[in-house]
Amino acid sequence: PDATVTRGQTVTFLHRAAGSPQASGSRFSDVDSDAYYAAVAWAVANGITDGVSATSFAPGSPCTRAQIVTFLYRAK
């Protein structure tokens with residue numbers, strides 16, 4: 001419970017909570033299509049999140065409390 005949650009983990013949690021709908025292709029160079037957090041494509045397509053730049057999502061970066069709240073709000 002005291003561990004930091006990453007951006008990739010947060011998107012994965014939300015994707016699984018939504019029933020793991022199909023996610024395909026990511027525009028981010030740091031998101032491999034076979035990574036456990038490949039659901040980034042689903043989150044971006046549904047307006048839940050975006051990258052830290054046009055080509056980077058930073059899946060291993062810590063997800064701040066503010067980012068998590070924003071992701072949750074947008075995922076409703």
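Is H15 buried or exposed? Keep that residue in mind while we walk through the structure. The model is a predicted one.

Start with the overall plan. The protein has three helices and zero strands. Along the sequence, the pattern reads α-α-α.

Now consider the contacts. Take those between residues at least 6 apart in sequence. Of these, 66% join residues at least 24 apart.

The accessible surface comes to about 4700 Å². Carbon and sulfur atoms account for 53% of that surface. The protein carries 6 positive and 5 negative side chains. The centres of these two sets lie 12 Å apart.

Then move inside. Of the 76 residues, 33% count as buried. In soluble globular proteins, nonpolar side chains tend to be buried together. Here, the largest nonpolar core has 14 residues. V11, V31, V40, I48, F57 and F71 touch the most other members of this core. Two elements give two or more residues to the core: helix 1 (7-17) and helix 2 (40-45). Helix 2 supplies the largest share, three residues.

V11 shows how the chain comes together. Leave aside its neighbours within four places in sequence. V11 is then in contact with A39, V40, W42, A43, T49, F57 and F71.

An α-helix has 3.6 residues a turn, so residues three or four places apart point the same way. Just after helix 1 comes G19, with a positive phi of about 95 degrees.

Back to the opening question. H15 is found in helix 1. H15 is buried, because its relative accessible area is 11% and the cut-off for buried is under 20%. Which residues does H15 touch, not counting those up to four places away in sequence? They are S20, P21, A23, A39 and W42.

With a relative accessibility of 0%, G8 counts as buried. Apart from neighbours within four places in sequence, G8 is in contact with Y36, Y37, F57 and P59. G8 and V31 are 23 residues apart in sequence. In space, their C-alpha atoms are 9.0 Å apart.

P59 sits in the loop between helix 2 and helix 3. P59 is buried as well, with a relative accessible area of 9%. Not counting residues up to four places away in sequence, P59 touches T6, R7, G8, D30 and Y37. P59 and T6 are 53 residues apart in sequence, yet 6.4 Å apart in space, C-alpha to C-alpha. Y37 is in contact with G8 and with P59.

Methods:
Residues are numbered from 1 along each chain as its sequence is written. This is a predicted model: local features need pLDDT of at least 70, side-chain atom pairs count only at pLDDT 80 or more; totals for chains, interfaces and linings use all residues. Side-chain values use heavy atoms; hydrogens and water are left out. A nonpolar core is a set of buried Ala, Val, Leu, Ile, Met, Phe, Trp, Tyr and Cys residues joined through side-chain atoms within 4.5 Å. Buried means under 20% relative accessible area, exposed over 50%, partly exposed in between (1.4 Å probe, protein chains only). Helices (H or I, at least four residues) and strands (E, at least two) are DSSP runs, numbered from the N terminus. Contact means heavy atoms within 4.5 Å. Accessible areas come from the Shrake-Rupley method with a 1.4 Å probe; for residues, only the protein chains shown count as cover. Lys and Arg count as positive and Asp and Glu as negative; His and the chain ends are not counted. The place of a charge is taken as NZ of Lys, CZ of Arg, CG of Asp or CD of Glu.
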